[in-house]
Amino acid sequence: MAPRRIDFREAFDRWSRICEVERRDVDARAAKGETLVSREALDHLCGLSVESGLKYLMITRRLVTADRDGDFPADASNRRPHINELWDVFMAKAGGREGTALLRDLGGADQLKVFQTWSSQNRYAADDTVRAGEVRPRLDFFKRLRGVVAQEGA
Amino acid sequence: MTASVRFDEALARAVEWVQAHRCAHGREALLLRDLSGHLRVLTDADGAPSDEERAALHEALGAFSPGPRGLWLERSLVGTEEELARDRVRLDDHLWLIDRLVTEQGWNRAPVSPPATVPRITFFGVKGGVGRSTALVALALHLARVGKRVMVVDLDLESPGVTSQLLRTEDLPPFGVTDWIVEDAVGQADEAVLEDMVTRSAAVGPDDRGEVLVVPAVGSRSIPADEPEDLPASLRDGSFVAKLGRAYMPGAADTDFAGRLGRMLGALESKHRPDVVLLDSRAGLHDISAATVPRLGGTVLLFAGPTAQTWLAYRLMFSTWRRDATVLWRFRARLRVVAAQVPEIGRAPYLDRVRDEAYALFSSFVYEPDPAAESHAEAAFNFALTDPDGPHHPLPVYWRRELVEWEPCTGGSVTSEQFDAAFGPFLRGVMALPYVAELTATPEGAP
């Protein structure tokens with residue numbers, strides 16, 4: 001059976017459901033003054049969610065054209081960007097009023113800094129590799145992205 | 001304290017860096033400046049820089065660096081070679097810049113319409129309030145008198161003017177250009193909209209052989225009304241601003257605003273079959289003029305007076321094409337300067353000043369300096385200062401008091417003698433322009 005085309009919206013919905021549960025838990029714990037735990041796992045979950053959502057938006061808003069597998073186009077070395085590079089690619093491609101509107105909805109150009117230090121290698125990282133101060137703005141960006149994706153319709 | 005790196009300096013530093021390192025980083029260098037002004041270097045797969053190089057350029061660019069990690073991007077991640085070539089402008093041999101702008105001002109992009117089978121004449125002034133729309137109305141009425149079916153499209157969306165000279169408010173059609181745009185955004189700028197956004201001007205007299213069809217910027221459905229009509233006042237109020245505020249949003253089928261305007265004009269021309277189309281372009285360096293002047297085809301009349309502010313603005317506009325002369329080659333033969341509001345006293349020195357300023361502009365940005373240049377096969381595009389056929393040589397529109405309050409749709413108060421005194425030389429000049437004369441010629445002969 002031929003593999004299904006990649007559907008980044010489906011991927012985003014899947015990852016974001018779990019990430020949203022975790023994000024709410026983080027908020028609840030923070031309200032009680034508890035320390036953020038399992039930061040590396042949460043950070044990885046957040047990165048996967050945002051990567052799926054941003055790729056979905058870039059394809060939907062015609063900033064990129066998906067390849068024939070529905071995947072985000074690879075570079076000349078057949079490498080596809082993770083979220084740590086994806087924002088730079090987004091910024092390099094966004095232009096005109098539509099691109100500007102999307103950038104505004106996503107929180108502006110300062111979001112550049114949020115994921116630049118995210119690393120796919122951290123999925124196996126030891127505790128305390130990722131700082132709480134890095135995870136919090138990524139979760140905030142996730143929350144904002146979730147709202148933008150929701151407005152794209154089903 | 002270290003001085004901040006400013007916008008222009010950042011680009012200069014990036015260029016300097018690329019020129020110094022170009023051999024190490026690929027055949028053809030591409031710089032990209034994003035929406036916020038951050039600069040990036042686009043490289044081939046094997047063009048990744050060392051950490052030291054990243055750090056050096058990051059420091060050189062100051063606040064216009066996106067950070068050492070984002071300074072380099074592999075070009076294939078940003079777009080196909082065709083996409084990358086579309087919007088780039090040349091900075092130097094083998095060095096190009098892709099400049100992402102918030103506005104849809106694709107001054108350097110390819111035309112969206114070929115030189116039209118229906119002749120189009122764009123009325124443009126880099127400064128407003130110079131009598132551009134009034135001159136357009138004069139040409140429309142003149143063409144109608146000699147039997148032409150003229151379509152006037154009001155593209156001065158933020159400040160509709162030509163419409164009210166040709167149509168009384170009560171005669172407006174239901175829709176206008178802004179309605180077409182918002183309907184098109186959801187894919188339903190259909191035949192009904194095209195039909196209901198055009199109406200005949202009552203300014204054309206019963207003895208005139210032709211007619212003037214008007215496509216207003218604003219339709220009657222957007223006009224505030226005291227009496228309840230088909231829509232309640234609460235829904236009419238503010239609806240024009242609600243439409244205008246969405247006018248520059250790209251549509252589903254095109255990637256930019258000029259493409260949408262081109263599609264709208266094509267559809268209107270197919271449906272209503274005019275002999276000639278007159279476009280009243282918004283003044284200034286705006287998304288609309290970035291479409292009408294270089295990209296929609298047709299003759300472009302550049303309205304101007306002798307003031308320094310006008311010519312500085314034109315120089316800013318024309319300088320966008322100096323980086324790539326081939327862009328200007330597409331339409332330079334269709335440009336013509338118009339001396340606006342030539343005063344009743346001191347006409348000759350006024351016209352001389354406009355001509356001299358226009359010649360300086362065209363010499364700097366349009367004319368090829370060396371007629372013997374072998375850069376291309378055609379003869380050099382060059383005209384002498386006093387050559388009446390040069391596009392810099394101004395066609396005069398004479399100022400008259402009677403024209404200040406001229407509203408032909410309400411009957412008007414301008415006699416044919418006054419009309420001829422103000423517009424005669426201008427009209428004869430426009431009709432003699434090569435592109436206009438060719439496309440408006442009829443078996444009976446051009447007017």
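This is a predicted model: local features need pLDDT of at least 70, side-chain atom pairs count only at pLDDT 80 or more; totals for chains, interfaces and linings use all residues.
**Helix H16 of chain B**

I started with H16(B), residues 416-432. Its end C-alpha atoms are only 21 Å apart, while a straight helix of 17 residues would span 24 Å at 1.5 Å a residue. I then looked for a bend and found a kink of about 60° at B:Phe423.

**Largest pocket**

I moved on to the pockets. The largest holds about 1,200 Å³ of space. I get 38 lining residues, and those closest to the centre are B:Arg86, B:Asp87, B:Asp99, B:Arg100 and B:Arg109. Both chains show up here: helix H4 (96-105) of chain A gives two or more residues to the lining, as do helix H1 (7-21) and helix H4 (81-86) of chain B. Sorted by class, I have 15 charged, 12 polar and 11 nonpolar residues.

**Second largest pocket**

This one comes to about 340 Å³. Of its 19 lining residues, A:Arg79, A:Glu85, B:Arg54, B:Arg69 and B:Trp72 sit closest to the centre. Helix H3 (83-93) of chain A and strand E3 (72-74) of chain B each put at least two residues into the lining. My class tally here is eight charged, six nonpolar and five polar.

Technical notes: Residues are numbered from 1 along each chain as its sequence is written. Chains are lettered from A and ligands numbered from 1 in the order in which they are written. Side-chain values use heavy atoms; hydrogens and water are left out. Helices (H or I, at least four residues) and strands (E, at least two) are DSSP runs, numbered from the N terminus. The expected span of a helix is 1.5 Å times one less than its number of residues. The bend at a residue is the angle between axes fitted to the seven residues ending there and the seven starting there. On a 1 Å grid over the protein atoms alone, a cavity is a set of points where a 1.4 Å probe fits but cannot get out, and a pocket is an open set with protein on both sides within 12 Å along at least five of seven lines; lining residues have an atom within 4 Å of a point. Grid points are joined across faces, edges and corners, and a volume is the space filled by probe spheres set on the points. Ala, Val, Leu, Ile, Met, Phe, Trp, Tyr, Cys and Pro count as nonpolar, Asp, Glu, Lys and Arg as charged, and the others, Gly among them, as polar.
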